Each structure stands twice: as structure tokens, then as C-alpha cells.
Amino acid sequence: MDPAIVVTQLGKRFRRRGGNRPSTLKEAILRGMRGMRDETFWGLRDVSFSIEPGRTVGIVGPNGAGKSTLLRLVGGVGRPDTGWVQTRGRIGALLDLGAGQHPELTGRESIFISGVISGMLRSEVEQRFDEIVDFAELDDFIDSPLRTYSTGMQMRLAFAVAVHIDPQILLVDEVLAVGDIAFQRKCLDRIAQFKTQGCTILLVSHDPGQMRGLCDEVIWLRHGEVVAHGPTDLVMDDYVSAMDTVTRQRTPEHVPIVVLANGQELRIRDNRFGSQEVEISQVRLLNQYNRPVTTLRSGVPLTVELTYRTTQTIVDPLVSVSMTKPDGALCLDINNVSTGVVFPPLTGEGIIQLTFERLDLASGEYFVDVGVYAQEWAYTYDYHWHVYPLIIEGVAQSKGMLVPPFNWHVERGSEPE
Amino acid sequence: MPTIRLVYVRDLLRELVLRDLKLRYKRSVIGILWSLVNPLVQILIFTFLFSRVLPLNIPNYTVFVFSGVLAWTWFQTSLSMASGAIVDNRELVRRPGFPVAVLPVVTVTTSMIHFTLALPVLAFFLIFGGGHIGLATLFLPLIMLVQFLLTLGLAYLIAAAHVIFRDTQHLITLGLMLMFYLTPVFYRADNVPEEYRLIYALNPMAHLLTAYRAILVQGVWPATGTMALLFVMALILLGIGYAVFQHVSLSFVEEL
């Protein structure tokens, strides 16, 4: 079968930001035609690959590697400077989801506009209207203007329209990190459904877990060039270890040893990692009365509080908290972005708290590990490994990890005669 | 496939025009009637000024100036909005598969709908203010078509130019103001001294207004030769405008 997407020696040049190109007629005339030239760099360089129909292909790479540019060029937006793109079939795109929407329009009006903008005929939107409203879970609000919607509701509406277009090629750009968990799940299911229908999917994501879960193969871009293209596990292993290398390179030579309140020593490259551009200066485990604890009963609330310090403005920080048993078994791993939370830029000194309404871990010893990472998991700012122990006490001793609230119930049959 | 594409562009045009209209008049009490207020006030002023203060002695002046103001308003709003057609729709231009060339059409069509909405009021004046409704009125759609094509050709050029040079908008505002006074909207081209007539001969809007007035005020057929020439020129201009627009449109994404 012919490939669904063929990209041949694709190259795209960009002007450097702050370049000296005139943006008004006056400037252009004053400078003459010399002013029209300016500094450029290659956003994409000599990128070639082909994708068989029905494959799901992920694109990974650090910020500015050219992922979104590649996705748009495949979608026919913009003109490549070298090479070309060939695609076969109707293209759907989960990018710029809110296009055409306006706070004054009602949900119903928005569905028609977004639907037609996404490439559907009006009659097709009409046919699928109920399905779309159903998917967005907005039946009661469909005739209210969008300005009365929460951000989550607006995203749901936009996404619902976008996934009802029946594409043969689907382009997805980092939209899966929005909305609440349940809706994210639904979107992933929908993408999986496209996949079983034989749709070719090209997707950009920063979540290595998502990549491994969805993709058949992965293309790794760096500085606009393809570093690797192959089976997901192979490429992702290399990619993740390369990210670790970046962190190692950015880790300062000398960071003083810190003795923590619990007596543990924090040593760089031993149990502490990262560039230290953001420093986690204190971590406290607090019970429901805001008192620091090291021992907790199973099923009661816990707050993990980290104090950070930075001299820069850190945009889109990623904060993760995980709990492991001494044998290395991972019990819990939470970060803000995968739970749909975007933090404001971090500056100066401040605190970040993660509160569990109840921690239903089985009794035993645990370590709470915390980390702050650069946007899109590019590298680590500061990560503390296995220095904050937490002992969970409980009635029920077991080999399992969880002890949610439970009840036994026994129903007896009639006794034998 | 081409028919489906055509149906799609029609649907897209319809939705985008409706969106523009809805957004402009949402949450306003008299809604779309506002589109009538502006030309009506202008007509009121002109009628007062040029039949009472500085009488121009044009018969049926209200109808005369009404037809002029309506056609001019369509032309002017189309072109002044055309500069934003691409720049203000960044997210649409960046969507895979979106036919960018539809955006200037949306602009010109939206203004045309305002023009059309005012036609009943014009009809009222025609009946009670001494105009003509008859066989010649059937030419109205034809004249509108020529104006549509002409305006669209210019709109393509302006929309493309504004993406590259952001002061196009100011130039257009200035140019339109100048052109307003050099187009016989509230006076008659006959009153212009002989040596300046060339300016009017080269101004397509002057010829269009003459045509509108022929059918509405005098109730006669428009000059066939002039109309045919205007139609051909509008087509040529549209061809050039569209070609330039399509050529430049490949780099829109980077310029936005």
C-alpha cells in the first residue's frame, strides 16, 4: 500500500526573532531594498520520512526542535523552503482548537462554526450535532454564550467538534494535556478509536508515558533535524536517557551539602539532581493540622509542601511528587501537567503544596521524592531522591499497596434441613 | 470532488458571514437595525446641507444621495475591513486545509448584506420620494455584481498588502477619504469643471454610482457599453488581486 504521508528533504527557514526586517512601508522605503534581507535559521532541515497508512507516529524533541512546524507543514500550512510533503486523504487537526470561537457566541453557534472551519460541510455538522454535544457533555448549556463557560467546558466543546471530523490523517499537537482527567481519558479513547479505524495519526506530546501508550513509532527531532526514527520503545529509551544527559551537563560542579531537618544529608549527584536554577529549599510532610509528620495513619489527609527558591522567572514549571517503597516499587506519581494544571511562572521564593484528601496506602515504609523540571520535561531543575521517609501505620498489615475504606458483607443462605 | 469543495466553500462563507453579523449585533437592543442608522444619519445631513444650506438643485435629492451613500458605504467598509481580513484571523489562517482566499470574500459579503438590508428603506424612498421602480430596477443585481467583483479584487490586494506592511490600513483610510470627495456621492459629476473630468472618468465608483442612479432615480437602463467595460475591468482586477493574494498567502503563516 502507498504511504499516507511522505516527507522528502523538508526544510523550513525562519527569520530570527528581533530581526531587522521592516514591518512598515515607511521603514522599507527609507532603507531601500537592502532592508528586506535578514538573518535566518533553519527551523527544519532535511527532514525525510514516510508513514504507512494506519500507523500512529509520535514526534518528540525539546522546545523549539521544530515539532509544531513539521506538523503544520504536513497539514499544508505554510510553504517549505526545500523539499515537499505528500499526503493521501482528508486531514483532520487537533491544533488551535478554539479557532473561530468567540465568547459572545452560544455553544450551538460555536459548534457549527468550528465544525465548518474544521472541514465539515454544514450538513455533516447537523448530522453529528447531537453526538458532538453528547461527547462534550454540555447538553444543558448548549444555548448559553461561551463567556459563561469555564475554560474546561470551552476546551471540551472545541475538542468534541475536532474529533467528529472523520479524518484519514489526524494531526495532534499537545492538546491532550487539557481538561479534567476523565475528559482526557475520553479523548485518548477517541484517538485509540481513530487508530482502530485505520486513521494515520501524527502526534506531538511531551509525556513519555503517553507516547509509549499510543505510538507505533517515534520521530525524535533536535534543532530541526531528525535524530532518530524507529519503534517507540527504542527511540523513547534513547530520548529519555539523552534528557538525563542534559540534566547531568547542567548540574553545577559544587553544590554545598545540605543537612535536612530529619538528619538526612542532601548531596548533589548522589540523592540530589538538577541544574539548581530552581532550588527546592525545604520539603515538609504535613498532617491535617498543618504539623510536620514522619508517621501517618493510613487513610488520613497528607500535604506535601515544597519551598522553592529561584533567581530567574521560571515559565511553565513542572512539579512532580512520587512515593516509592524501599524496594523501588512506585506507588504514586503525580505531576501538575498530566493532571491538567498549569502553574504560574515561579519567581523568588515561594511554596507549592500538594494535598491528598486521604492517603490510602498500606502500612509500611515509603519515600516521598519531589522534583521541579523545566517546561516540557526538557531537564531537571532540582530533584530530591529518597530523603523524605514516611511511615504509614495501619491496622491491616498486608503485602498490597492500597487500603481504601472497606466493609465486609456476608449474606447467608438458609441452613440445611 | 470539485462540487463538494464548492459546497464546502459556500458553507464556510455562510458560517463566517453569519458569525460576523451575529457578533456585531449580539446584546444590542435594536440589533442589525444599527446598520441602517449610519447611512440614514449621513443622508439626513446631506439632505439638509445640500438642499437647504448650499442648494445643489438636484431633483429628488434624497433618493439621489441615498443611493450614493449606500453604494459608497458598501465599498468603503469592505475596503477598510479588508486590511484586517487576514491579520485578525490568525488562527484560521494557521489551520490545515483552511481556504484563506475565502476571508476577503467574507468581508465584502458582510458589507453587501448591510447594503441589501437597507434596500427596503431605499424602496420606501423611491416610492414616496420620487424615484422609479420599474423594469430598469431589474438591473440592480447586475450592477451589484459588478461592484462586488470590483471591490473583491481590491480587497484581495489590500488584505495581502496589510499582512506585509502594517501601515496599509492607514493608507487605505486616507485613500478612502480622498476618494469619497472625488466620487460624486453627494453631488453630480456634471457640476465638475471640464479639466477635472478625467479623474472621474478613471474612477470606477463614479461610473457605478451613475449606473445606480440611472435605474433608481431616472428609471432608465444603465449605459450598456460602460457597464460591460466596468464588468470586464472588474474581472481583470479580480484576477490580478486573486493571483497576488494566492502568491503572498503561502507566507502568511510566517508573517502573522
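Visitor: Which residues of chain B carry the annotation "transmembrane region"?

Guide: UniProt, in an unreviewed entry, gives that name to residues 29–51, 63–86, 133–159, 171–187, 199–216 and 228–245 of chain B. UniProt positions follow the numbering used here, feature names are shortened, and annotations may be inferred rather than shown by experiment. This is a predicted model: local features need pLDDT of at least 70, side-chain atom pairs count only at pLDDT 80 or more, and totals for chains, interfaces and linings use all residues. Residues are numbered from 1 along each chain as its sequence is written, while chains are lettered from A and ligands numbered from 1 in the order in which they are written.

Visitor: How much helix and strand do residues 228–245 of chain B hold?

Guide: Residues 228–245 of chain B are 100% helix and 0% strand, with end C-alpha atoms 25 Å apart. Helices here are DSSP runs (H or I, at least four residues), as are strands (E, at least two), numbered from the N terminus. Residues 199–216 of chain B are 89% helix and 0% strand, and their end C-alpha atoms lie 24 Å apart.

Visitor: What does UniProt place at residues 30–248 of chain B?

Guide: The unreviewed entry has "domain: ABC transmembrane type-2" there. The span is 74% helix and 0% strand, and its end C-alpha atoms lie 40 Å apart.

Visitor: Why is α3(B) called roughly antiparallel to α6(B)?

Guide: Take the angle. Helix α3 (residues 61–82) and helix α6 (residues 102–128) of chain B cross at roughly 170°, their axes coming within 8 Å. Axes are lines fitted to C-alpha atoms, for helices over the stretch in contact, and angles run from 0 to 180 degrees between N-to-C directions. Under 35 degrees counts as roughly parallel, over 145 as roughly antiparallel, 65 to 115 as roughly perpendicular, and the rest as oblique. Therefore α3(B) is roughly antiparallel to α6(B). Their crossing is right-handed. A crossing is right-handed if the near helix is turned clockwise from the far one by less than a right angle, and left-handed if anticlockwise.

Visitor: What makes the contact of α3(B) with α6(B), by class?

Guide: The contact has 14 nonpolar, 6 polar and no charged residues. Ala, Val, Leu, Ile, Met, Phe, Trp, Tyr, Cys and Pro count as nonpolar, Asp, Glu, Lys and Arg as charged, and the others, Gly among them, as polar. F66(B) and W74(B) are among the residues from α3(B), and F115(B) and L122(B) among those from α6(B). Two residues are in contact if their C-beta atoms, placed from the backbone, lie within 7 Å.

Visitor: Why is α3(B) called oblique to α10(B)?

Guide: The axes of α3(B) and helix α10 (residues 204–218) of chain B cross at roughly 140° and come within 10 Å. That angle makes the pair oblique. The crossing is right-handed. By class, the contact has 10 nonpolar, 2 polar and 1 charged residues.

Visitor: How do you know whether α7(B) and α11(B) are roughly parallel or roughly antiparallel?

Guide: Helix α7 (residues 140–164) and helix α11 (residues 224–249) of chain B pack at about 25°, axes 8 Å apart. So α7(B) is roughly parallel to α11(B). This crossing is left-handed. The contact holds 23 nonpolar, 2 polar and no charged residues.

Visitor: What makes up the side of chain B that touches chain A?

Guide: In all, 24 residues of chain B are in contact with 28 residues of chain A. α1(B) gives the most to that side of chain B, with 8 residues. By class, the side has 10 nonpolar, 2 polar and 12 charged residues.
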